[in-house]
Amino acid sequence: MILAALQPVVSEPNVLAHLLVIFLAAAFTENILLARFLGMCSFLAISRQMKTSVGLGFAVVFVTTFTAAINYLLHTYVMVPLDIVFLEYIVFIVVIAAFVQLVEMIIERFSPSLYFSLGIFLPLITVNCAILGVSLFMLNKQGFGFWESLIFGLGSGIGWLLAIVLMAGIREQIKEDKIPPGLRGAGITLIISGIIALAFVAFSGMIK
Amino acid sequence: MSFKDTAGGKALISNLWNENPVFRQMLGICSTLAVTNLLKNTLLMCGGLVFTAGLSSLTISLLRNYIPKQVRMMVQVLIIAAYVIIVDTFIRAQFPDIHKTIGPYVGLIITNCIIMGRAEAFASKNPAWPSLLDGIGAGLGYSIILIAIAFFREALGFGTLMGYELPGKEIWWYQWTIMVMPPGAFFMLALMAWFGNSYVLKKQGDKK
């Protein structure tokens, strides 16, 4: 039964184009951060530094991709047949927490410096809205199979990575600039996010 | 001793303004910001948030001596998730139309940093009654800001409030399309942060 899910998308005549559209939509037009405001807390706090932003960004890409796929399989093959869909929040959160623990151990093993600079934000990925959001939005989409979900997770993660890296780059540039005292920190970051979001709105012409 | 001087009253009131989670800490904006283009959806989400924040703080505080330290984050998330399922079921039953648009965002209340933050910072160390009030206060303090944002976004973007048209709309109203789109929320929140921070900075300046 599980193997049946892993079959490529045969109903679409052009599989690659179909998946590419899902990927681009998730990364650009429906950017999880700029269009849906998910993952703002860690975005505002971490985007001060380029290096940590890239690290956290890739951690998010990794976690969203795999948790979307795992949660899709659990939802379709366990929760729907057993009629326990109302438990989906709890199941998703547990899957995400377990997965984050795994990523944490991997980063600690291979890059202790990154591990220390990410500090508290790594465990906080568990409560990063973006990760749970991807799993929930995935279920909201019509006709998503396993591969579509995987690509959707990957695209959303890449979109988040793109947004935080753009922001970190800009924030490093304006560090020395004169900004009204009340706007320093969160205020100016939100205004820049708004401007980046405006630019991303323009992408919506790309996908019909 | 008046209500304002009790531990619970203090917790409730400080959350509304002096330690307002959005103004002071920029926490937890993720789950609700996306639905602020309509006031009705925002009110519903904020109601759900206050309910979850209050009752999960109460529960966590009652159980605080029984939860082992190592797994406390997980237990807290599960308690919060249980209350969010109640909110979700309620909205699904009472407002099925609205649930179609805000469905995934209701689930994201679980990952709202404010609830988790209050649980960790206050409820896990304090008795039940102040914790309940602290949770409700954090929820309300957050709701005030979000409702203000939604008020301006709906009025400027759609020319309506709660779905009703503004009086004399034809004469003076001009649509700000940007307020309907995601960037509008970023700019509104930035203005709110600017206003809040400037007020605090001025107050600090006066003290010196």
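How many helices and how many strands does the secondary structure of chain A come to? It comes to 10 helices and zero strands, where helices (H or I, at least four residues) and strands (E, at least two) are DSSP runs numbered from the N terminus.

This is a predicted model, in which local features need pLDDT of at least 70 and side-chain atom pairs count only at pLDDT 80 or more, while totals for chains, interfaces and linings use all residues. Residues are numbered from 1 along each chain as its sequence is written, and chains are lettered from A and ligands numbered from 1 in the order in which they are written.

Along its sequence, chain A has the pattern α-α-α-α-α-α-α-α-α-α. Chain B, with 11 helices and two strands, runs α-α-α-α-α-α-α-α-β-β-α-α-α from the N terminus. The radius of gyration of chain B, taken over C-alpha atoms, is 18 Å, close to the 17 Å of the globule rule (2.2 Å times the number of residues to the power 0.38) for 208 residues, so chain B is as compact as a globular protein of that length. Taken along the principal axes, its C-alpha atoms fill a box of roughly 60 × 55 × 30 Å.

The table gives the buried share of each chain; a residue is buried if 20 or more other C-beta atoms, placed from the backbone, lie within 10 Å of its own.

| Chain | Residues | Buried |
|---|---|---|
| Chain A | 208 residues | 47% |
| Chain B | 208 residues | 48% |

Two residues are in contact if their C-beta atoms, placed from the backbone, lie within 7 Å. Among contacts between residues at least 6 apart in sequence, 81% in chain A join residues at least 24 apart, and in chain B 75% do.

Notes. A residue is buried if 20 or more other C-beta atoms lie within 10 Å of its own, exposed if 12 or fewer, and partly exposed in between; C-beta atoms are placed from the backbone.
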